[in-house]
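Open the model in your viewer and keep the selection panel at hand. We will go stop by stop, picking one thing at a time.

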Amino acid sequence: MSDHENSFVHIASVKLLLVVWIGLMFGTWLTVAASNVDLGPLNIWIGLGIATAKATLVALFYMHLRWDKPFNAFVFLAAFFFLFLFIGFTMMDTAHYQVHVIPGYSPGMGG
Amino acid sequence: MAGHATTPQEGLRVDHHFENADQQYQSAKLGMWVFLATEILFFGGLFVAYAVYRSNHPEVFIFGHHFLDKNLGALNTIILICSSLTAAWAVRAAQLKQIGLLKLMLVLTMLCAFGFMGVKAVEYNAKWKHGLLWAGSYDPHLDHDEPITESTTDEELQVPGAEVEAEVASQAQRVGDADLVESEVVSESTVVDAPTDRSNIASAAEGPTGLAGAGEHGPDEHAIDIEPANAQTFFSIYFLMTGLHGIHVLGGIGAFLWLLWCAQRGDFATGHFTRVDMVALYWHVVDLIWIYLFLLLYLIE
Amino acid sequence: MAEAIEKSVGAGPGGSDPDTDNYLTHGKGVLSWLFTLDHKRIGVMYLVAILGSFFLGGVFALALRTELWTPGQTIMTADTYNKMFTLHGAVMIFLFIIPGIPATLGNFVLPLMLGAKDVALPRLNLASFWLWLTGATVAVASIIIGAVDTGWTFYTPYSTTTTTAVTAMTLGAFILGFSSIFTGLNFIVTIHKMRPEGMTWFRMPLFLWGIYSTAIIQVLATPVLGITLLLLVAERTLGVGIFDPSLGGDPVLYQHFFWFYSHPAVYIMILPAMAIMSELISTFSGKHIFGYRFIAWSSIAIALLSFLVWGHHMFTSGQSSLTNMIFSALTFSVAIPSAVKVFNWLATMYKGSIRLAAPMLYALSFLFLFAIGGLTGLFLGSLSTDIHLHDTYFVVAHFHYVMFGGTVIAFLGGIHYWWPKMFGRMYSERWAQVSALLVFVGFNLTFFTQFVMGSHGMPRRYYNYLEKFTVYHQASTVGSYILAVGFLIMAGYLLHSLVAGEKAPANPWGAATLEWETTSPPPYYNFAHEMRAGDPYDLDAMRWDPATGGYVRKDPSSVLASSGEAG
Amino acid sequence: MAAAPDPEDGSFWMPPQISTIASNVDWLFNFILAISVFFFVLIVVVMVVFVLKYRRRAGESAEASPNHNLPLELTWTGIPVAIVIVIFFFGFKGYLDMATPPANAYEIMVEGQKWNWSFTYPNGYVDANLHVPVDRPIQLVMSSADVIHSLYVPVFRIKQDVVPGRYSKVWFEATEPGEYDLFCAEYCGTGHSDMLAHVVVHPPGEFEAWLEQASNFLETMSPVDAGRKLFQVRGCMQCHSLDGTAKTGPTLLNIFGHPVTLSDGTTVIADENYIRESILEPAAQVVAGFEPVMPTFQGRLKDAEILAIIEYLKAPEGATQEDNS
């Protein structure tokens, strides 16, 4: 059977695992550092950029997507695609109808 | 998840309806990826709520995030990243039938998970003390003797300056805060000790955090003093997102315990590592989601 | 499991007599059913459970129609009526029609069509069934602890303020959602990993394309229902103020959440029905399906587009004009693939050799009813007309023409088509035709009248109504009774066939898909040999065999894998 | 009930057209109807012809014919595309007219609450029915006191959800004097199907007169009559009967001066103060056996109006029984 696994299994080297780990640590430091520099609206996008870079590292190496069947990666990305549709349309609509919403309306909060 | 029923006696057995181990492994794996996709969309709903409310009421989020502790958030991020490392390492160990190493990695991963929940407990407890809860129970009361455990160091240090113009209520919190710094440190270190081998790494990475944070907080002093309408929304979303994530962490702990038991039983002696692989995949997604939660909840400017 | 393995090795099940050794006789006792990993038994258990739910929902429906015989109180109070229509909706949708075809016929037929021994993840399959049972129990329990009066859409803030058992019902729906997710996940994996030799993607029976498209929606949309219902429960128990305006929440946001799932969900309901149609039309026209690729791609197109149209449920909700415009445009786009399918089915009948057996009767009434259901969708997709028609009986009628006239009718067609395969017995053709006719007539009388009163301004979910609508309501009620009679007859002859029906041949209809290559009912292990797939619609490969009273392959070896014996 | 036009006044499909946009909506409706009928007939005829023509006969099997035909399939993909684009365009065009009120629209505030409508006119007068002048654009600015409602006037072809926490707007211009039905179209609970009102379209010039006369009812009417009017107009009667039957709230038949048992078991005499408090702070003293669901009328009823209601409830049964205009 052992010959079988080699046929379809990728084994990540310890070196790779550690390098990725360092990358993630650095990314975390970078996110926090960046959040303390006031770049106005840019902040959120830079933050998301770094976070996505970190996520990509995890997915590609720790989750073996780099060596996995492309379709598995496709499935995972598809989830994000549909999530963006959901976020996009909903944000577009809510942003538009805010003008009708009574600011701070929340009678149930007792003032 | 995986369609297996391996027991040591039979070795790596292929279920009756599969042709070979490859087909069986690939099926389990595709199944897991599809499941992870559903997880993304499951959490997705909360991200949509977050996006909608933050884009339409940024002031609420600017205000609310001051009550979260960046350092504890960063610490938890680091803890989870380390657990991802050990989880990935565990898979490697299982693939190479290094059962001893596998067990060690599983234990380390679990310790990280417990550490994470410990830190969360500290944060939740502080919110609870000050009524900084979801809308239904939102009732901020910032008594003099009790420090707001979570809005720490950098912000607090500025307090004396803000004191003058701050209104009495929000006043009180900061005044008390001076003494919180110690209590903070204590609670932290106790948590960090859990995964002993990396408590030092944690504090190391915290250095820059603290520094960077200290430099730049003046501007927000006012933001924190004036509570915008519907501030409760931030805390609702905070508890929903971190709560759902926490439940997934607990689920992960359960899964790792199960793996440990399987390893103990010798299931993995045959190089049959699918289960370890699947649980690790799940765990990495829990990590991925936190990477975003940390950014979106703790690091708002 | 272990003994199962032994059985698989050696004893070539297909060889033995189907009457004495088949999946029905393989293993005795309730537990051998409740804990089976056999996709066929799980499919049958689903069939029983889901038809049970259909009966329950149907009883609610008849009660509703009876109440509406006169304006004001006829047999129940307003509150009872409100709970009744909520339960009718919730039971029919979450318990019956969403799991409906995939969980029953899908579970039974899909692996057989693949020439496989089982679905890829049999334990997960059983788990889905148990999740369904749990969810159904919780949902039905909510009836006992006070029922729900929100309508199946659970709109906030009504659902967060009503004192009825919303939490229990939504938790039930939440659990049912995961049952649905795991079924879809299982089918995706099975279709990807377990296709037999020779079955390329474009040699799959169209039933599989339909189930596959459905599964895509199940796994991508249902989680959002999960989080939505979870938020609703949190809203009621903790008051998280995401959807509840009194706590600073946004009730229209709930509608976005809800419809992001629940619009794709209607395609979870209709796609499997279309999948069945392709099999029925081809088989009973004795013709190769026309335009295979267009039908296959249109299923995928519907699945993907279904995620882009949810806003058409919210045209009057205060949604912005821009959003309304975009969603209206996208909504029409999803009409195209459905139209393409209909035309392809018609073309399949061209120059065919058409048999009006019961399944085909249902296929034909599907074409008739789905045409009406689909076309009336145009009135609702177009903005200015929808403003008038939204939340009236016009919508109710449209929905029932698509879901009942479409999905349920095709489901019935499928049940009659695969019944002999499932239970090894033939039902009474004559009675089948009688009930098919009654269902068709009763259905049109019930729901066509609702189009007319709807466009005249009769709002839905109304306990009381203006005198002028009485005549329509009474016609509709009469129709519903005829419908009920049709179903009673059906229940009668189907049950009768189980005990007294004549033995079914392996292939009573002459279809060329693999499930007909094994005995009726199939052996525990489905096939005696590893199978190889050819063109699933090459009906010329079959010939009538007077000896068995069914059809057989002219060249049986053409579907046997080169690898030869199984096990 | 209203002199609501019965279906015969409209077409087979549609109610009469009483607003400026109605004809446009109906035109599109009929346009789509024509297309639908065409395709429906096409499908059914082809189906029936094939069934008859190619019905299986003994010995015969299907004739050979191609399994696909790209040009043909592209055609019947393309034609529907073209048609729906046209439908979408007209639908959107019509919608834009419905969505954009003219600048000079006469504004009426609408509040929906379980289970009645109240319409507040520019001069502050509140009525349970919607009175409008004919041939004049009207804009309704709508809000909800509790759950989502939806204002629907079939003869105007307008519908707009009324959402708590926001102001939603809808406009129309009536073209025919008369009295028409107004429904709540968004399910809102027990009384949903009774949450009706009339739209009274006044002939030219008569609207102002009506508003003038209706507005000072407190002066023109006796307190009891004014109280009765308020009782009907402001939604009390949606939940409180005067014939002894309990609805969502307790009946108010002979309540004045009689003891009332509260949910906490105590008993109080229903005097002026009790009634007043029950109107302004309904949750304070809830009658045993009823849910605390009544909305407060704090700031929504003037003192004089509350007094009138009290007078009305004081009045002997006779006064309360008659009339239900």
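Select strand 4 (residues 130-133) and strand 10 (residues 197-202) of chain D. The two strands pair in the parallel sense, over four bridges. Keep in mind that this is a predicted model. Now click Val132(D). Its bridge partner in strand 10 of chain D is Val201(D).

Which residue of strand 10 is the bridge partner of Tyr180(D)? Pick Val199(D) to see the partner of Tyr180(D).

Strand 2 of chain D pairs with strand 3 in the antiparallel sense, over two bridges. Select Phe119(D) there. Its bridge partner in strand 3 of chain D is Asp127(D).

A general rule first. Most peptide bonds are trans, and most residues other than glycine have a negative phi.

Go to the loop between strand 1 (106-113) and strand 2 of chain D, where Trp115(D) sits. Is the peptide bond between Lys114(D) and Trp115(D) cis or trans? The bond is cis, with omega about -10°.

Then move to the loop between strand 6 (149-153) and strand 7 (158-162) of chain D. Arg157(D) is found in this loop. Arg157(D) is not a glycine, yet its phi is positive, about 60°. Is Arg157(D) buried or exposed? Arg157(D) is buried, because 29 other C-beta atoms lie within 10 Å and 20 or more are enough to count as buried.

**Zoom out: the two domains of chain D**

Colour 106-215 as domain 1 of chain D and 221-321 as domain 2 of chain D. The centres of the two domains, taken over C-alpha atoms, are 25 Å apart. Where they touch, 11 residues of domain 1 of chain D are in contact with seven residues of domain 2 of chain D. Strand 2 (116-120) and strand 3 (126-127) of chain D each supply at least two residues of the domain 1 side. By class, that side has four nonpolar, five polar and two charged residues.

**Cross over to chain C**

Show chains C and D together. Here 73 residues of chain C are in contact with 72 residues of chain D. On the chain C side, 39 are nonpolar, 26 polar and eight charged.

Now select helix 11 (residues 292-305) of chain C. This helix has 14 residues. From first C-alpha to last, helix 11 reaches 20 Å, close to the 20 Å expected. Its buried residues include Tyr292(C), Phe294(C), Ile295(C) and Leu304(C). What covers them? The cover includes helix 9 (206-237), helix 10 (251-285) and helix 13 (335-349) of chain C, together with helix 2 (70-99) of chain D.

Follow chain C to the loop between helix 15 (383-389) and helix 16 (393-423), and pick Asp391(C). Phi of Asp391(C) is near 60°, a positive value in a residue other than glycine. Asp391(C) is also buried, with 23 other C-beta atoms within 10 Å.

One more loop in chain C lies between helix 18 (470-500) and strand 1 (529-531), and Pro521(C) is in it. The peptide bond from Ser520(C) to Pro521(C) is cis, with omega near -10°.

**Last stop: chain A**

Select chain A. How many helices does chain A have? The count is four helices and zero strands. From the N terminus on, the elements run α-α-α-α. The C-alpha atoms of chain A fill a box of roughly 70 × 30 × 30 Å along the principal axes. The radius of gyration is 21 Å, whereas a compact globule of 111 residues would have one near 13 Å. Of the 111 residues of chain A, 32% count as buried.

Finish where chain A meets chain D. Four residues of chain A are in contact with four residues of chain D. On the chain A side, three are nonpolar, one is polar and none is charged.

How values were computed. Residues are numbered from 1 along each chain as its sequence is written. Chains are lettered from A and ligands numbered from 1 in the order in which they are written. This is a predicted model: local features need pLDDT of at least 70, side-chain atom pairs count only at pLDDT 80 or more; totals for chains, interfaces and linings use all residues. The radius of gyration is taken over C-alpha atoms; the globule rule is 2.2 Å times the number of residues to the power 0.38. A residue is buried if 20 or more other C-beta atoms lie within 10 Å of its own, exposed if 12 or fewer, and partly exposed in between; C-beta atoms are placed from the backbone. Two strands pair if DSSP finds at least two bridges between them. Domain bounds come from an automatic or database domain assignment. Two residues are in contact if their C-beta atoms, placed from the backbone, lie within 7 Å. Ala, Val, Leu, Ile, Met, Phe, Trp, Tyr, Cys and Pro count as nonpolar, Asp, Glu, Lys and Arg as charged, and the others, Gly among them, as polar. The expected span of a helix is 1.5 Å times one less than its number of residues.
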